[in-house]
Amino acid sequence: MSELSIVSSSPHAHSGSSVRRIMLDVIIALVPAVLVSLYFFGWDAFRLTTACVVTCVAAEAASRKWMGRNIGIDDLSAIITGILLAFNLPPTLPTWMAVVGSVFAIVICKQLFGGIGYNPFNPALAGRVMLLISFPVFMTRWSEWTIPSPIGMDAVTTATPLGLVKTTIGSAGALPFDFTGSAMLQLFVGNQNGCIGEVSAAALLLGGIYLLIRRCITWHIPVAYIATVAVFSGILWIHHPQQNLAPHFHVLSGGLMLGAIFMATDMVTSPVTKRGMLVFGIGCGILTMLIRKWGGYPEGVSFAILLMNAVTPLINRATRPRVFGAPKGGRKQS
Amino acid sequence: MTEYVLLIIGAVLVNNFVLTRFLGICPFLGVSKKLPTALGMCGAVIFVMTSASAVTWALQHLVLVPLGLGYLQTIAFILVIASFVQLVDIAMKKFAPPLHAALGIFLPLITTNCAVLGVSVLNVQLQYGFLKAVVFGFAASLGFSLALLIFTGLREKIDRANPPKAFQGVAIALVTAGLLSLAFMGFAGLVK
Amino acid sequence: MTMVIQTVLTIGGAGLVCGGALALAARFLAVKEDPRVAEVDGILPGANCGGCGYAGCAAYAEAIVLEDAPINLCAPGGAEILSKLAGATGQTAQMAEHKVAIVLCGGDVENAPRKFDYNGVADCQAAHTTGGGDKACPYGCLGYASCSRACPVGAIEIVDGIAKVHPDLCISCGACVRTCPRALIKMVPYARKIHVMCSSRDKGPAVKKACKVGCIGCTICAKLAEDEAIKMQGFLAVVDYDKELDNDAVIEKCPGKCIVRI
Amino acid sequence: MGAIKAKFSAPGGVHPAYHKDLAAEQPIAEMPLPASLVISMSQHLGKPATPTVKKGDTVLRGQVIGEAAGFISAAVHAPTSGTVKLVAPVPTAAGPRATAVTIEPDGEDKWIDGMAPCPDWRQLEKKDIVEKIAAAGITGMGGAGFPTHVKVSPPPETAIDTLILNGAECEPYLTADYRLMVERAADIWEGALIIAKALEATNIYVAIEDNKPLAIAAMAEAMPEQAGAAHVVALKTEYPQGAEKQQIFAVTGREVPAGGLPLNVGIVVENVGTTLAVWDAVVNGRPLTERVTTVTGGPVAKPGNVLARLGTSSADMVEFCGGTSSPVAKIISGGPMMGFAQADMSGPTTKTTSGLLLLGPESVHAYESMPCISCGRCVGVCPMNLMPNELSQFLEAEDYETAEAYNVMDCIECGCCAFECPAHRPLVQHMRRGKAQVMLNRRKQ
């Protein structure tokens, strides 16, 4: 033989999966939500998404070059960070802030740790939280929005549904509206105020189903997360229907769908075991509701997921599966 | 009852000693490399902070205030705290020598851990009663332990990470602590 | 004046109470400890290289004090630390001869072909156990730098695909010797400069096929070297480092060009 | 009597592309004697055999040319009659070198007057059967090559109630066991009864993946009448159903304790090929001198199942199968999941060579050193419930203690984790290295 044969350790077969392919699938799954955001927010959605994606990719390439590493943007992960960060921004945010957030997300939260696989926190969420804390006014300034057919009301507001509820309850008033019937449908489709990518549960669910089919995510985290929020808010609602919103409202409003389907399921920062994923989802749900109900911010999804990111290593450690053949009931410790 | 629950939530989550007040960073970085060591540190800090809260409260309100010696607060508190730490040190050396060896210098350093002095001084500043002071001390140490445990988990991950040379070691640990602190901001407003 | 007295009394009293409590604690919870262990530990370099055969400097210190272990095992410490240890323990000992590590293989990229394309973990142990290593010579240095990573002082470098030890940097801890899956690395006296840079025990034709600079077992050097300073072990010429060898003829006459002066 | 469905299935598992159609319907073809045979003394697990011949000796087929060196070792026999040309070390399939005897066949293929045939094996004592198996040099022919006489003589205090014949052949591409079951069902059953007698086992199960209906049908049809406790079990098709511990669980629901052996739960598992070799040895008095190997893969012109003498080189076997019709990038002894990649085609067939697989450049999977992205797929597919993601990172950092605490020693190297890994990390290689190092560290203590 003229050419040397290749020798490696077994196995010599592979499923054909790759990091790039997974990332590509996530991007494909995000397409419906991108389209919906363009429909509802138009130029602002385009402006912010483009700014974030371009900055993220450029920041990734530049920082890797600066650190003397191979450029390595072809795994497409920076594009996802860009889209997800943009999805978590309000439509009125100045472009330069989106750029700052993107650089923070990619350089500080990801590349400083060594790049893909090493970051302990979801970069897009960390970027959003940094912006939220640094520019609280800009990050909570929403576009004008006609509340869809509240009973006997026809109001225009510049708040998100969750924000509206928080301020109303804070001033001890009754809930301003009651989402039922067609209003529910409006929420589901995405006709509500909020960050550009989080409004449409329908589009996000579509993407989630695609990810499930492509085996990029498992059902554990999204289902545990959403179910916990539903149960938690359901209990509150049954006890004080005047002071609390119905579970379906909690599930469909704010960033829950986006968070549960795309952010909490980020492989790098979520647990690897099935039981761990359930714990992770439940933890996210509880923290989200704690912040939504009692916290200072109207929305708690980003904080909740970031906090659960932080305990992911501990969850992984605690949910180590029982080794096949090890005594039941206890983990084998040597 | 509610008051105490809120006090605890406040000290553990909202105004976490490490992540919001930035007290006790030294052992937070020093003993967060291995979970068993971190657990030992948590136990030691819980003991020292809770009992130091009680004793310094008594010292303040039974000795220093009646005698008008408020200006001796810092030195008197440090004296008491130092003794407590020494006690823990001796006891641990006897009953858990491996842990004692693993904690190393960080055990005596609890003496100068600002979290312990901080909680004593805060108890005075916030004019807490005895029970409240003890509960606050306990809750503050729980908050410290929570932060330390979470951080230890993260530390095991970032120790395997691949940061650029300039950021290796404590630098990247501090970046992580910063991000963790960012996440803890989410609890702001939970307790008014 | 009152203030001063009050201050002194308060702080002094508190100090006395605390001190008393600590004294009691120290008495009842005392742990026996030999202070000499800490002293010896302080003398040792603290590199924890394991060259002495103990788990680290602290373990060696304990062994010296409690088990009368010899004090001349710390190669990185050298004569200076030995004399300090002698002072601390009262033992006397001669420093062992200064030895450095050497990788006995000269089959670099140019001289030793590979027999397949290795695809896997860049580590010698891993490569060695995957298809027997990609180097055509089953004895040669694989060049995946396991020794270099094991070296606590960075004295080993991979040059042209094989490991080279810088003798002046080597602290003779032996970590590389323990790491090499092919047992190519030997500890040799620093003063000895002539080496047979081959470890292949195969017969001449097999060696020739696998490497241009291998020892083919021709025995010329063994005959030339005085006092049996080079001996044949099977088909491999091996330098006996206990004997003087300063004979350039062995280098010139070696047909495999595998004897060198370093 | 038909087949019963397996009630259980071990954790994890993957579904690789099987490619069995390449050779599955090719009947076993006996290969003519090659020009030279290289018989390794290390064809089994345990100590290599000690050569008993030297250069220039003439040998007969079935003559012992290597004696078992201790209890866990196996004898080696001359696969044909001829002259010993060389006794020298050659690389084994796994890499390290071992002594091998090279024989030039004289073409007469004359048997030695050795073991007596014993068609009436039912009269034999337990220990006679074990002796015959040992004398025939039989080892596990599925892959690991554990000496069979050791397996069938468990310590007296261990009661074995069940014998499982492993016909799962879960490795992609390989069809040798499948062909044996289709063509030699009755002989395999008789071999099973012989082993069961030696073990005093009352239950016999033949475990076959349900993607091999013909084999299931053939084995079910040939099932002996007298044994009421004999069953054919159809396993769910999933890699690695052929792994011993996983198969025991699938068939009986018993879990072999971590670090333990099947006999700890009263079970012995034998490969169907091994069982046939036992039949041949006991009934016909023939030692193990040949085996069926699947020669397959894209570049092989006419893939097939070859009955070849031990010692036949890969090149000769490929030649017998019509040579290659496209470029070869990887040569694998065994299947794609657990086989060993070879530097060239000079390697000889051994008792454990279940397949010879050639892959073209398009089918070669390249490992990379990408960081783990914690997707958790390896955790989900690990049939031992390990965490390969964590383990590989501990091992990369050479933290063998933590790896041991995370049960690296329980890894069976099945390859499911690396098969699934989207980051293309060489996980199995990390495990191998880790296991070797942990063993070394344990021995030092």
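This is a predicted model: local features need pLDDT of at least 70, side-chain atom pairs count only at pLDDT 80 or more; totals for chains, interfaces and linings use all residues.
Colleague: Let's start with chain A. Which domains does the assignment give there?
Modeller: Domain 1 of chain A covers 19–139, and domain 2 covers 145–318.

Colleague: How many residues does each domain of chain A put into the contact?
Modeller: Domain 1 of chain A gives 32 residues, and domain 2 of chain A gives 27 residues.

Colleague: Which helices supply the domain 1 side?
Modeller: In chain A, α1 (19–41), α2 (43–66), α3 (77–87) and α5 (123–134) each supply at least two residues of that side. The largest share comes from α1(A), with twelve residues.

Colleague: And what classes of residue are on that side?
Modeller: The side of domain 1 of chain A that touches domain 2 has 24 nonpolar residues. Five polar and three charged residues are there too.

Colleague: Switching to chain D. What are the domains there?
Modeller: Domain 1 of chain D is made of 3–13 + 116–284. Domain 2 of chain D is 377–444. Their centres, taken over C-alpha atoms, are 29 Å apart.

Colleague: How many residues make that contact?
Modeller: Ten residues come from domain 1 of chain D and ten residues from domain 2 of chain D. The domain 1 side has six nonpolar, four polar and no charged residues.

Colleague: While we're in chain D, where does D:Asn284 sit?
Modeller: D:Asn284 is in helix α7 of chain D, which spans residues 272–284.

Colleague: Why does D:Asn284 count as partly exposed?
Modeller: D:Asn284 has 15 C-beta neighbours inside 10 Å, so it counts as partly exposed. Buried takes 20 or more, and exposed takes 12 or fewer.

Colleague: How far is D:Asn284 from D:Ser36?
Modeller: In sequence, D:Asn284 and D:Ser36 are 248 residues apart. In space they are 26 Å apart, C-alpha to C-alpha.

Colleague: Now chain B. At what angle do α7(B) and α8(B) cross?
Modeller: Helix α7 (residues 130–158) and helix α8 (residues 170–184) of chain B cross at roughly 135°. Their axes come within 11 Å. The two helices, α7(B) and α8(B), are therefore oblique to each other.

Colleague: Is the crossing of α7(B) and α8(B) left-handed or right-handed?
Modeller: α7(B) passes α8(B) in a right-handed crossing.

Colleague: Which residues of α7(B) and α8(B) meet?
Modeller: From α7(B) come B:Ile150, B:Phe151, B:Leu154, B:Arg155 and B:Ile158. They meet B:Ile172, B:Ala173, B:Thr176, B:Ala177 and B:Leu180 in α8(B). By class, this contact has eight nonpolar, one polar and one charged.

How values were computed: Residues are numbered from 1 along each chain as its sequence is written. Chains are lettered from A and ligands numbered from 1 in the order in which they are written. Domain bounds come from an automatic or database domain assignment. Two residues are in contact if their C-beta atoms, placed from the backbone, lie within 7 Å. Ala, Val, Leu, Ile, Met, Phe, Trp, Tyr, Cys and Pro count as nonpolar, Asp, Glu, Lys and Arg as charged, and the others, Gly among them, as polar. Axes are lines fitted to C-alpha atoms, for helices over the stretch in contact, and angles run from 0 to 180 degrees between N-to-C directions. Helices (H or I, at least four residues) and strands (E, at least two) are DSSP runs, numbered from the N terminus. Angles under 35 degrees count as roughly parallel, over 145 as roughly antiparallel, 65 to 115 as roughly perpendicular and the rest as oblique. A crossing is left-handed if the near helix is turned anticlockwise from the far one by less than a right angle, and right-handed if clockwise.
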